Amino acid sequence: MNTKMKTRSAVTALATFAVLGSMTMSTTQAVAAPPVVNMEATVLAAQIDPRRADDTLTPGAKDSVLAVERALQARNLLDAQWVDGYFGTTTIKAYAAYQRSLGYTGLAANGLPGASSLAKLGDGRFTVSHVIKPGSKVQRDGYVVNTRTQAMLTEAERLLGRRLKLDQGSYNPGGDPTSAGTHDGGGVVDINVDGMSAETRTAVAKAMRQVGFAAWVRSPSQGNWPWHIHAVAINDTDQATQAQNQVGDYYLGFNGLANHRPDDGPRVPIKTWEDYQRAH
Ligand SMILES: [Zn+2]
């Protein structure tokens with residue numbers, strides 16, 4: 001902001017103050033409403049931006065990410081040069097440090113804004129809209145998932161008109177060494193595809209994508225595993241780091257594997273579970 005603009009806003013502020021002088025305090029505060037952080041947009045940026053090869057911003061997230069970054073900067077956790085609306089690896093690290101400063105550990109300090117840490121960060125600085133909650137842990141086919149993932153699976157089953165059986169669930173640290181840590185946190189499942197044709201496997205992956213999973217059909221030629229569908233619930237704030245990276249790769253058109261090949265799955269417009277629910 002240049003000096004002339006500064007002077008003009010100071011004059012405007014003075015004039016506004018004079019007009020509001022006789023009003024009550026609460027009315028004055030209503031005029032200067034705090035910024036609103038859209039949690040869905042912020043969490044989306046925090047999954048995609050660390051995987052970008054350039055400094056493109058995630059659409060619709062800039063103002064929210066800026067408000068979060070300013071709050072981290074105010075706590076001396078983020079240098080001014082990174083307050084730019086881009087939720088890259090430096091901002092992820094700063095957010096994880098902030099979560100640890102609250103006494104959070106493990107998945108609660110994964111660098112992805114969760115509902116409680118974000119509300120605390122916003123205290124006196126911003127309010128939070130579009131709050132996402134992964135919900136509590138429940139059992140499914142003998143595996144653990146959270147209630148958000150469970151609801152997504154149930155809707156995918158309804159779209160397909162068939163039951164989906166899990167091969168692996170979430171919150172499973174060290175469970176399957178071939179999964180590279182993706183199942184350590186929330187939002188991640190493997191679907192059993194035994195007996196399914198190639199066409200059916202693709203249809204299942206498509207339905208899962210439609211309800212908000214980053215989902216891929218995995219073949220034995222890609223790794224030391226049987227045919228299955230690996231899926232990560234986009235915007236699940238309990239995701240382990242590897243799962244966050246897979247969601248970012250999915251948005252950017254990759255397959256989510258270490259070989260970083262192009263996405264080989266059925267293309268559908270990318271939506272989160274919350275997007276899907278608003279549209280149905
Ligand atoms: Zn998996």
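Glu155 is buried, with a relative accessible area of 13%, where buried denotes under 20% relative accessible area, exposed over 50%, and partly exposed the range in between (1.4 Å probe, protein chains only). The structure is a predicted model, in which local features require a pLDDT of at least 70 and side-chain atom pairs count only at pLDDT 80 or more, whereas totals for chains, interfaces and linings use all residues. Residues are numbered from 1 along each chain as its sequence is written, and side-chain values use heavy atoms, with hydrogens and water left out.

The average pLDDT (the predictor's confidence in each residue, from 0 to 100) is 90 for the protein, and 87% of the residues score at least 70. Over residues 1-25, pLDDT stays under 50. For this segment the model has four contacts beyond four places in sequence, a contact being heavy atoms within 4.5 Å.

In the whole structure, 11 salt bridges were found, each defined as a side-chain nitrogen of Lys or Arg within 4 Å of a carboxyl oxygen of Asp or Glu. Glu155 takes part in one of them with Arg158, at an N to O distance of 2.9 Å. Both residues belong to helix α7 (residues 147-160) and lie three residues apart, about one turn of the helix; helices (H or I, at least four residues) and strands (E, at least two) are DSSP runs, numbered from the N terminus. An α-helix has 3.6 residues a turn, so residues three or four places apart point the same way. In contrast to the buried Glu155, Arg158 is exposed, at 58% relative accessible area.

A further salt bridge joins Glu40 to Arg278, with the closest N and O atoms 2.7 Å apart. This pair links distant parts of the chain, as Glu40 lies in helix α3 (residues 39-48) and Arg278 in helix α10 (residues 273-279), 238 residues apart. Glu40 is buried, at 9% relative accessibility.

Arg267 and Asp263 also form a salt bridge, their closest N and O atoms lying 3.3 Å apart. Of these two residues, Arg267 is exposed at 60% relative accessibility, while Asp263 is buried at 9%.

Helix α9 (residues 241-251) is mostly covered, with eight of its 11 residues buried. The buried residues include Gln244, Asn245, Gln246 and Asp249. Among the elements covering them are α3, α5 (89-101), α8 (198-210) and the strands β6 (188-192), β7 (213-218) and β8 (228-233). Following α9 is Gly253, which has a positive phi near 90°.
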